[in-house]
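Please examine the sequence and the three-dimensional structure shown below.

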Amino acid sequence: MRREVADPPTDFRTVNAQVFSALGVSRASFDPGPIHTTKGGKGGSTTATASVAAHYTLPAIGSWSETSTVHLVLRRRAWKIAWSPQTIDPQLHAGETIDVKRTWPARAPILGAGGAPLTRSGTQVNVGLVGSRVKDYGAVRTDLLAAGATDAEVTQAIAEARAHPQNFEPVFTVSYARFEALKAQNTSENVYEVPGTEFPTSTQTGAITDQLASHVVGTVGPITAAELKSLGAPYDAESDVGQGGLEQSEERTLAGTPTSEINVEDAGGNPIARLATFHGHPGHAVRTSIDPRVQRAAEAALGAAPHKNVAMVALQASTGRVLAIVSDPEATSLNTALDGAYPPGSTFKVITSTALFQRGLTPDSPASCPPTINVDGESFHNAGDEAPTPTITQAFIESCNTAFIGLAVQHLSPPDFPAAASVYGLEGSPHLGLSAFYANVNKPTSQTELAADAIGQGDVTFSPLGMATVAAAIDTGVARAPTLVQGTVADREAKTSKVPAAIVDGLRPMMLGVVESGTAAGTGLPAGTHAKTGTAEYGPEADLKIDGWLMGYDGNIAFAIVTHNTGGADGGPIDGPIIASFLDALSG
């Protein structure tokens with residue numbers, strides 16, 4: 001355009017670039033009208049005017065057209081533009097700029113079962129850093145980790161701070177009360193004291209519990225450079241966006257679109273003329289199946305447990321709806337309840353029993369429980385003292401490893417385990433709106449692997465979500481894909497399939513026996529609870545670790561829980577009291 005301008009001023013490029021940048025123009029076209037000359041002397045006219053319609057395409061805003069009167073002068077027998085800021089817009093004058101002001105609607109809420117709010121307003125503190133002010137990134141890392149940030153959060157923030165040293169890079173969000181406690185810590189690792197950290201506050205909507213904020217709902221905070229690049233217009237460096245959980249995965253649904261005003265601003269940045277307004281749209285509430293009462297009961301039960309690093313899921317068995325999700329500790333970046341992959345130990349005997357029943361065996365089929373069993377040169381043993389186990393039912397109740405290995409080696413083939421898992425709909429991935437995993441149940445490649453898989457100690461892995469899905473199917477006789485976000489395609493089209501009657505009729509009394517007289521007896525579980533315990537060993541023999549499992553159902557509540565690294569304790573004594581406390585709270 002510059003070559004069409006007569007005597008372009010020194011700020012010609014700067015002014016035009018500022019306008020196009022502020023508007024975020026992706027495409028522009030100009031339609032000139034006829035030229036109207038002014039009367040001149042005997043040499044003819046040397047000035048003229050023309051009406052020009054400018055059409056701009058503005059991403060995430062729309063199309064904007066503005067008509068200006070362009071003044072022309074004759075140069076070497078050709079009309080050239082006598083340019084001024086008013087050439088861009090009649091209301092733009094020297095020293096002024098055009099800018100876009102975006103006003104976002106109130107963020108839509110995330111709701112739980114029955115429309116109960118899962119968020120509330122409160123003062124939040126965004127703990128983050130500014131690269132240009134950091135003196136020692138090692139000290140910053142140490143102090144942020146000590147304050148509760150995860151290694152992944154700190155690593156990403158430091159990388160962004162190095163790349164964009166003038167930007168504020170958020171690391172994690174805490175309540176104001178939590179920030180005050182961090183600030184008051186009298187230690188050498190006080191995140192408030194280390195140079196480079198910053199703590200902007202805002203009154204924002206946050207989850208009703210810290211556990212939900214960490215792993216389900218998420219938080220809302222300042223946009224990062226990476227998020228801005230990913231989201232694009234209409235977001236800008238001043239935007240607040242969802243950080244983790246449903247706040248992030250459902251960002252565009254919850255945020256809506258802003259109202260955008262194109263204004264002329266004076267040198268002080270004050271709007272003095274409005275050129276156009278593009279009205280935005282409010283966000284829409286995200287409705288979930290989380291029941292605040294069930295969620296709080298689960299959090300309280302896990303919070304009172306002597307062991308930490310516990311993950312639990314509770315489902316409404318009759319619908320497959322997720323009622324509660326707890327992944328302790330809160331600071332862990334992995335939602336272990338939904339996305340953790342852990343050896344299931346003896347809870348997998350539910351799957352092994354299913355496979356045996358599909359092969360024609362019954363709960364009354366004979367079984368034996370020797371102290372050890374040898375499979376292709378590898379010796380397997382039981383976790384505790386042997387008890388008489390003349391049938392599959394009794395072997396299940398006592399959780400006899402050697403009995404199930406003997407039965408599996410004698411009656412099952414490698415495809416039987418994946419086939420049994422498919423009875424409960426465990427193939428594929430869950431569609432919850434959050435990252436999630438059911439189980440990994442493949443064909444064993446050897447007899448020893450088949451033996452190990454039969455007791456949940458081979459290559460099979462489960463999440464608590466996957467194991468709770470199995471429990472719900474046994475409870476109702478129908479395998480249902482679990483759902484979390486309501487009204488979605490995944491919710492409306494959630495797969496269901498009937499579990500054969502021979503399987504559920506066989507497993508139900510076996511699971512009841514586990515609670516009444518087996519490995520979960522005496523743990524406080526309410527009468528009528530059906531369950532299966534599990535103890536999974538892993539790691540080198542010199543440093544053997546144990547995860548304790550419990551899965552089952554009580555009434556319409558299906559559950560699964562795993563305690564990581566129990567210190568040697570089995571799943572029943574560790575997880576039984578936790579689930580008992582949870583179920584008692586719901587019945588009270």
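This is a predicted model: local features need pLDDT of at least 70, side-chain atom pairs count only at pLDDT 80 or more; totals for chains, interfaces and linings use all residues.

In soluble globular proteins, nonpolar side chains tend to be buried together. The largest nonpolar core here has 114 residues, and those that touch the most other members are Y424, F462, V470, L507 and F582. Helix α17, which covers residues 464-476, supplies the largest share of this core, with 8 residues.

The next topic is a covalent link. A disulfide is a covalent bond between the sulfur atoms of two cysteines. The count in this model comes to 1 disulfide, and it joins C369 to C400 with an S to S distance of 2.0 Å. Which hand does the disulfide of C369 and C400 have? The torsion about the S-S bond is about 105 degrees, so this disulfide is right-handed. C369 lies in the loop between α12 (349-358) and β18 (372-375), whereas C400 lies in the loop between α13 (392-398) and α14 (401-411). The two cysteines are 31 residues apart, and the pair thus links distant parts of the chain. Both C369 and C400 are buried.

Two single residues complete the account. Is H215 buried or exposed? Its relative accessible area is 5%; because buried means under 20%, H215 counts as buried. H215 belongs to helix α6, which spans residues 210-215. Apart from its neighbours within four places in sequence, H215 is in contact with S327, P329, E330, T332, L334, N335 and L434. For S327 there is a further detail: its backbone oxygen lies 3.4 Å from a polar atom of the H215 side chain.

R2, by contrast, is partly exposed, with a relative accessible area of 35%. R2 is located in the segment before α1 (12-23). Leaving aside neighbours within four places in sequence, the contacts of R2 are P8, F12 and R13. R2 and R27 are 25 residues apart along the chain, and their C-alpha atoms are separated by 18 Å.

Key:
Residues are numbered from 1 along each chain as its sequence is written. Side-chain values use heavy atoms; hydrogens and water are left out. Helices (H or I, at least four residues) and strands (E, at least two) are DSSP runs, numbered from the N terminus. Buried means under 20% relative accessible area, exposed over 50%, partly exposed in between (1.4 Å probe, protein chains only). A polar contact is a pair of N or O atoms within 3.5 Å; within protein, one must be able to donate a hydrogen and the other to accept it, and residues adjacent in sequence count only if both atoms are side-chain atoms. Contact means heavy atoms within 4.5 Å. A nonpolar core is a set of buried Ala, Val, Leu, Ile, Met, Phe, Trp, Tyr and Cys residues joined through side-chain atoms within 4.5 Å. A disulfide is a pair of cysteine sulfur atoms within 2.5 Å.
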